[in-house]
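Please read it beside the model.

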Amino acid sequence: MTAAVQVHGVRRRYGAFEAVRGVSFDVERGELFALLGTNGAGKTSTLELVEGLDRPTGGTVRVLGHDPVRDRSAVRPRTGVMLQEGGFPPDLTPAETLRMWAGTLKARARGVGEVLELVGLDHRADVRVRQLSGGERRRLDLAAAVIGRPDLLILDEPTTGLDPAGRNDTWRLLRGLLTDGVTILLSTHYLQEAQELADRVAILHAGTVAATGTVAEVVAAFPARVSFDLPAGLTLDALPDVVGAYDEHGGRVTVHTTALQAALTTLLTWAAAHDVVLTGLDARSATLDEAFLQIAGAA
């Protein structure tokens, strides 16, 4: 089977400014793929091309095997979309909003009550949209995106404005949809969200894909670190040669290395042989946050 989403060499230009510059990635069926990046990295511009809201300046986009613009009638009934802002009529209630939305869909739409309960808005079904909090409006946006039982769900920063409990509820909902075989493409600023949910990620920087793969694969490309207090009476020159580089600040030594196990083994073997205690010893791989910040800070 072809990938649910295929984005190959895509470019998008706004006048003289090129917001997306040769972005490529595939989203396999049944996986959650997360787009990460700072503001202006090209996430929303890329998602809008996948949603069929515009044609790319260059490259190709295929959604469920179709051109999302030319074949909109084949693609749209099978996709659910959650934009950064929903823009529903403020004087309708959530129940009325979803009944209106469901009326535009095919017969396989979920029931309004079912969806409101799914997103935790059943107790707010009959208040006006304008009376909802920002987080509750995001839940309503999500309800509209899933009411049609989509094969592909496209979410642009779905948990912005939600409190921690609401965010966890949304994560639980998305995990359930994945279990049901739904494919999910989302952009997010919450790196923990990507780490918790994503099968694979792409980090965008200045309109290009700077890194892609599983979280473990992306993180593996960045140095791990071993840190400890410099033993009394010793200098950096007395420490053993390891794979990596030593750095010392205020008596705290850090080794930045791409071979964590080898560096740690060398240090511990040396310490045992010389009867040295490495106080405050801490060893850890790079994190997604560190990888993201290094990419975002690149020139």
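1. The side chain of Thr 46 reaches the backbone oxygen of Gly 42 at 2.8 Å, a polar contact (a pair of N or O atoms within 3.5 Å; within protein, one must be able to donate a hydrogen and the other to accept it, and residues adjacent in sequence count only if both atoms are side-chain atoms). Thr 46 belongs to helix 1; helices (H or I, at least four residues) and strands (E, at least two) are DSSP runs, numbered from the N terminus. Thr 46 is buried, with a relative accessible area of 1%; buried means under 20% relative accessible area, exposed over 50% and partly exposed in between (1.4 Å probe, protein chains only).

2. This is a predicted model, in which local features need pLDDT of at least 70 and side-chain atom pairs count only at pLDDT 80 or more, while totals for chains, interfaces and linings use all residues. Residues are numbered from 1 along each chain as its sequence is written, and side-chain values use heavy atoms, with hydrogens and water left out.

3. Which residues does Thr 46 contact, leaving aside its neighbours within four places in sequence? They are Val 20, Val 23, Phe 25, Leu 35 and Leu 204, where contact means heavy atoms within 4.5 Å. Thr 46 also lies 8.9 Å from Gly 207, C-alpha to C-alpha, although 161 residues separate the two in sequence.

4. As a whole, the protein has 10 helices and 13 strands. Its C-alpha atoms fill a box of roughly 75 × 45 × 35 Å along the principal axes. Of its 299 residues, 45% are buried. Among contacts between residues at least 6 apart in sequence, 65% join residues at least 24 apart.

5. Axes are lines fitted to C-alpha atoms, for helices over the stretch in contact, and angles run from 0 to 180 degrees between N-to-C directions.

6. Strand 1 (residues 5–14) pairs with strand 4 in the antiparallel sense over five bridges, and Gln 6 stands opposite Arg 62 in strand 4.

7. Another open sheet has six strands in the order 5-6-7-3-8-9, with mixed pairing. Its edges are strand 5 and strand 9 (208–213), each with a single partner strand, so one side of each is left without a neighbour in the sheet. The twist averages 15° from one strand to the next. Strand 8 (residues 200–205) and strand 9 run antiparallel and are joined by five bridges; Leu 204 has Val 209 in strand 9 as its bridge partner.

8. The axes of helix 5 and helix 6 (residues 164–179) come within 12 Å and cross at roughly 10°. The two helices are therefore roughly parallel; angles under 35 degrees count as roughly parallel, over 145 as roughly antiparallel, 65 to 115 as roughly perpendicular and the rest as oblique. Here Arg 139, Leu 142 and Val 146 of helix 5 meet Gly 166, Asp 169, Thr 170, Leu 173 and Leu 177 of helix 6.

9. The largest nonpolar core has 49 residues, among which Leu 36, Leu 98, Leu 153, Ile 184 and Leu 288 touch the most other members. Helix 5 (residues 134–146) supplies the largest share of this core, six residues. A nonpolar core is a set of buried Ala, Val, Leu, Ile, Met, Phe, Trp, Tyr and Cys residues joined through side-chain atoms within 4.5 Å. A second, separate core of 24 residues includes Val 27, Phe 33, Val 63 and Ile 154.

Terms used. Two strands pair if DSSP finds at least two bridges between them.
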